[in-house]
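Please keep the sequence and the model in view while reading.

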Amino acid sequence: MKRLSALVALTLLTSSLFAQAADPERARNLAATCANCHGTDGRPVAGSGIDPLAGIEKRHSLQKLADFKSGQRPGTIMPQIAKGYTDEQLELIAAYFAAQK
Amino acid sequence: MADRNRRAFLKAGTLAGVLTVAGCAGSALRQPRGHVVVVGGGYGGATAAKYLRMWSARGVEVTLVERSPRFVSCPMSNLVIGGSRSMADITLGYDRLQSHWGVRIVHDEVLAIDAAARSVRLAGGGDLRYDRLVLSPGIDFMWQEIPGLDNAGAQATILHAWKAGAQTVALRRQLEAMPDGGVFVLSVPRAPYRCPPGPYERASLVADYCKRHKPRSKVIVLDANDEIVSKKGLFAKAWAELYPGIIEYRPQSELRDVDVTTRTAHLDFDKVRADVLNVIPPQRAADIAARSGLQLINQRWVEIDWLSMESSNTPAVHVLGDAIFPAPTMPKSGHVANQQAKLAAAAILRLLAGEQPDPAPVLMNTCYSFVDSRNAIHVASVFQYDRNTGVVQPVAGAGGVSSARSELEGRIAAGWAQNIWADMLF
């Protein structure tokens with residue numbers, strides 16, 4: 001029984017590790033929901049007046065998104081949009097854009 | 001003995017679990033291969049074509065079939081009718097999809113789908129074979145609902161301008177030719193229809209033009225719905241403050257027929273004569289989607305699977321945009337079509353690699369509307385896949401509308417257009 005629970009625990013651990021790594025496309029897909037306004041892969045058209053997201057440090061954009069979500073940071077549309085994503089999703093999005101050099 | 005078997009079974013089960021998960025992770029390296037035919041080069045189809053190429057590192061072949069030589073945007077086209085933008089401002093080419101992304105562009109029309117043979121028949125002759133088909137054909141009009149408009153001659157005089165292009169230019173000319181003191185009548189169909197706030201934006205921009213050039217004129221909105229369908233408070237405020245005495249809004253005023261020669265709108269208990277009569281007719285999924293055996297809802301909109309945008313009854317046919325039966329509160333907008341296209345592209349590449357689509361997709365909508373040539377308002381919403389209903393559901397507490405119209409949002413709306421056009425075409 002001990003061996004069994006150990007095995008189950010190991011499986012759960014492995015599964016959750018895999019679940020995170022399992023879908024390398026999840027972050028890409030989530031980030032693509034931002035592209036309509038912020039440009040493909042976070043690179044907006046020059047002069048469009050919309051913030052680029054590509055290459056922005058994860059810590060920085062995640063804080064900004066968290067502040068929009070909590071209502072601490074004012075805005076026209078981003079406070080409403082940020083509330084639609086889970087914290088985990090925002091983290092994946094921020095990491096994806098940070099990796100776009 | 002029984003216990004040992006049980007243990008062995010559990011062990012095998014857990015091992016299988018690990019293997020499955022591992023298999024999933026490892027096989028993300030598997031390359032999708034095949035040929036995708038995309039029908040319709042609007043907000044949905046063009047985005048799907050580009051993202052299929054981009055996300056497969058150009059490994060999947062993509063053919064885009066589009067009737068028009070160039071893309072003309074419906075969003076921002078009301079500004080052309082109002083006179084603050086030109087057709088050139090809202091017209092873009094398909095060149096870069098071809099030259100940079102390697103999408104094969106075929107300017108033709110699809111007449112029929114042979115789902116069993118996985119091919120489409122082109123009007124110009126010949127068939128195109130596909131491994132996966134993306135249909136993003138937009139809407140067609142239900143002319144039979146307005147008998148007087150159910151012929152080509154009437155439709156050349158009483159315009160809809162609800163598909164941007166020649167009709168946009170023609171409606172602008174009718175407005176320019178209208179005398180000061182004239183009456184512009186806009187008929188709005190019962191929801192759902194393409195672009196919920198679009199009719200009210202149009203009324204605003206026509207009124208804006210009248211206010212500056214023909215101040216004795218009137219804009220009468222005959223709305224089949226009980227109230228303004230989208231951004232109600234913001235439009236009502238803008239009309240009261242900017243266009244008093246110009247815009248007259250009449251709810252529950254469904255158009256029953258039109259007398260073309262006298263430009264008269266016939267309602268249940270009333271007739272309204274117009275100098276310019278602009279009828280947005282009731283709509284359904286475009287012909288190619290509505291008449292190819294795809295499962296419809298309410299005999300109008302295509303039923304799809306929200307994990308892949310695949311037709312609920314026709315394998316390998318994925319349908320996007322205004323032609324589908326939407327999720328709750330999800331509007332028929334260009335923004336949503338673009339988002340659905342990315343969901344479909346991601347799912348199709350998985351399916352072509354022999355894998356399952358992302359089980360938790362997210363979609364987002366943003367619609368900007370101008371209330372005059374500079375000030376805009378927005379509505380936004382976010383949708384998360386819900387396993388229980390099998391539908392993407394609006395996230396409670398997220399989304400909303402502008403606190404007030406502003407020039408700032410007018411500038412953001414212009415930036416939105418530039419960036420979404422680039423996201424689909426460049």
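## Surroundings of Val60(B)

The model is a predicted one. Leaving out residues up to four places away in sequence, Val60(B) touches Pro32(B), Arg33(B), Gly34(B), Val36(B), Leu52(B), Arg53(B), Leu349(B) and Leu352(B). In chain B, Val60(B) is found in the loop that runs between helix H2 (43-55) and strand S2 (61-65).

Is Val60(B) buried or exposed? A residue counts as buried if 20 or more other C-beta atoms lie within 10 Å of its own. Val60(B) has 22 C-beta neighbours inside 10 Å, and therefore counts as buried.

## The nonpolar core

Which residues touch the most other members of the largest nonpolar core? They are Leu52(B), Val219(B) and Val319(B), in a core of 152 residues. The element that gives the most to this core is helix H10 (residues 334-352) of chain B, with twelve residues. At least three residues of the core come from each of two domains of chain B, namely domain 1 (29-141 + 284-357) and domain 2 (152-281).

The contacts of Leu52(B), apart from neighbours within four places in sequence, are Val36(B), Val60(B), Val62(B), Ala345(B), Ile348(B) and Leu349(B).

## Helices H2(B) and H11(B)

Helix H11 of chain B comprises residues 407-425, and its axis comes within 7 Å of the axis of H2(B). The two axes cross at roughly 50°. Angles of 65 to 115 degrees would count as roughly perpendicular and those under 35 degrees as roughly parallel; H2(B) and H11(B) are therefore oblique to each other.

On the side of H2(B), the contact is made by Tyr43(B), Ala46(B), Thr47(B) and Lys50(B). H11(B) contributes Asp423(B), Met424(B) and Leu425(B).

## A sheet of three strands

Strands of a sheet pair through backbone hydrogen bonds, in either a parallel or an antiparallel manner. In chain B, three strands form an open sheet in the order S14-S15-S16, with antiparallel pairing. Strand S14 (257-259) and strand S16 (271-273) are the edge strands, each pairing on one side only. From one strand to the next, the twist averages 20°.

Strand S15 (residues 264-266) of chain B pairs with S16(B) over three bridges, in the antiparallel sense. Ala265(B) has Val272(B) as its bridge partner in S16(B).

Terms used:
Residues numbered from 1 in each chain as written. Chains lettered and ligands numbered in written order. Predicted model: local features only at pLDDT ≥ 70, side-chain atom pairs only at ≥ 80, totals over all residues. Core = buried A, V, L, I, M, F, W, Y, C linked by C-beta atoms within 7 Å. Buried ≥ 20, exposed ≤ 12 C-beta atoms within 10 Å, placed from the backbone. Helix = DSSP H or I, 4+ residues; strand = E, 2+ residues; numbered from the N terminus. Domains from an automatic or database assignment. Contact = placed C-beta atoms within 7 Å. Pairing = 2+ DSSP bridges. Axes fitted to C-alpha atoms, helices over the stretch in contact; angles between N-to-C directions. Parallel < 35°, antiparallel > 145°, perpendicular 65-115°, else oblique.
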